[in-house]
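Hi,

Here is the structure I said I'd pass on.

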Amino acid sequence: MRWQAQTLDVEDGALPGLTRAGLVRSVRTPEFDGVTFHEVLCKSALNKMPESSSLPFRWTINPMRGCTHACRYCFARSSHEYLDLDAGRDFDSQIVVKTNVAAVLRRELGRRSWRREAVALGTNTDPYQRAEGRYRLMPGIIRALTDAGTPFSILTKGPLLRRDLPLLTEAARRVEVSVAVSIAILDMDLHRGLEPGTPAPRARLELVRALADAGFAVHVMVAPVIPCLTDSTAHLEALFAAIAEAGATSAVAFPMHLRGSTRDWFLEWLGTEHPALIRRYRQLYGRGANVTPAYATWLRERVNPLLDAYDLRRPQGRTTPAAPTPTPADPQLALFG
Ligand code: SF4
């Protein structure tokens, strides 16, 4: 009954994009002030990357679309426009939840044609954003991947992942599991302005520590680096020191991209909060999405010595919990040992 009371009228005014996505109902709840969840039944869970992609995985899973972490720089914003929602506030507050994603995934992984290629989570929106606490989609996804002998990786800013640490540790005994945490900003004022819905950097460092203690080789994405705001030697030095201290084994840093609608959303914030930087950003980005090659080189030369100094170039991804134990009933496990 409680759910009934929270259900919005989806017949009247549901956006065509949401209807196409399989909308069942839209829900608001007091714990998520200002957020609407659009619960959909997805037809497929696995997304295939384009053949031209240079990323080290061919398959992804996105249990949700939109992200309450609300990072101003988020490159996934324009994906909301396919749902007839906007890439600004709607992306932060109109969250599409694929409530049947684990069941659909299990069916897809059970096909004889499935070749157990690596699957990545967190490449578009964060699977451990706050809504995961309510919908608990990840345990079913992790179990489905593990049971199917499929290696997988997770990238997140969400300490909520700690809830599933026992499950992930168990999964890592049977398949290859990689976990990466995104921490790009230590300064609290910038964190509140640029990543207002994300847990504090300190909580993410504690997540790194918890993962390391559980035996995971934790990779940290210092990304994006925000030109003129988070690229000072002092900021980067403090950040890499904290990451190493938390137990990460590897890290990478790269400059912010400003593509499509993300560009407008970010520059609106910059113009309000740091108007003096607008001119410099015009020089760095011009009309494009990427910083100039000169800036990219400059940043690399600033970051590389820090990676060496803090020993953050060790192999990523593999876990050190007990080695996989293939059984005759599950011979595929040997492939991932
Ligand atoms: S946590 Fe990731 S997906 Fe979510 S808003 Fe931030 S950058 Fe986007």
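**Pockets, a helix and some rings**

In the second largest pocket, α2 (16-20) and β7 (94-98) each give at least two residues to the lining. Helices here are DSSP runs of H or I with at least four residues, strands are E runs of at least two, and both are numbered from the N terminus. Before going on: this is a predicted model, so local features need pLDDT of at least 70 and side-chain atom pairs 80 or more, while totals for chains, interfaces and linings use all residues. Residues are numbered from 1 along each chain as its sequence is written, and side-chain values use heavy atoms, with hydrogens and water left out.

Back to that pocket: its volume is about 260 Å³, and 15 residues line it, with Ala-21, Cys-42, Lys-43, Arg-65 and Lys-98 nearest the centre. A pocket is an open set of points on a 1 Å grid over the protein atoms alone, where a 1.4 Å probe fits, with protein on both sides within 12 Å along at least five of seven lines; lining residues have an atom within 4 Å of a point. Volume is the space filled by probe spheres set on the points, which are joined across faces, edges and corners.

The largest pocket comes to about 1,500 Å³. Of its 50 lining residues, Phe-57, Gly-122, Thr-123, Leu-155 and Met-221 are the closest to the centre. β9 supplies the largest share of that lining, five residues.

Next, helix α13 (residues 293-309): its 17 residues reach 25 Å from first C-alpha to last, close to the 24 Å expected (1.5 Å times one less than the number of residues). Its buried residues (under 20% relative accessible area, 1.4 Å probe, protein chains only) are Tyr-295, Leu-299, Val-303, Leu-306 and Leu-307. They pack against β11, α10 (233-246), β12 and α12 (278-285), where contact means heavy atoms within 4.5 Å. Just past α13, Asp-311 has a positive phi of about 55°.

Finally, there are seven aromatic pairs in the whole structure (Phe, Tyr or Trp rings, the six-membered one for Trp, with centres within 6.5 Å; stacked is under 30 degrees between planes, edge-to-face over 60, tilted the rest). Phe-32 and Phe-37 pair edge-to-face, 5.0 Å centre to centre and 80° between the planes; both are buried. Tyr-281 and Tyr-285 are stacked at 5.6 Å and 20°. These two tyrosines are about one helical turn apart because they sit four residues apart in α12. Ring pairs also link them with Phe-266 and Trp-269 into a cluster.

Cheers

Note on methods:
Buried means under 20% relative accessible area, exposed over 50%, partly exposed in between (1.4 Å probe, protein chains only).
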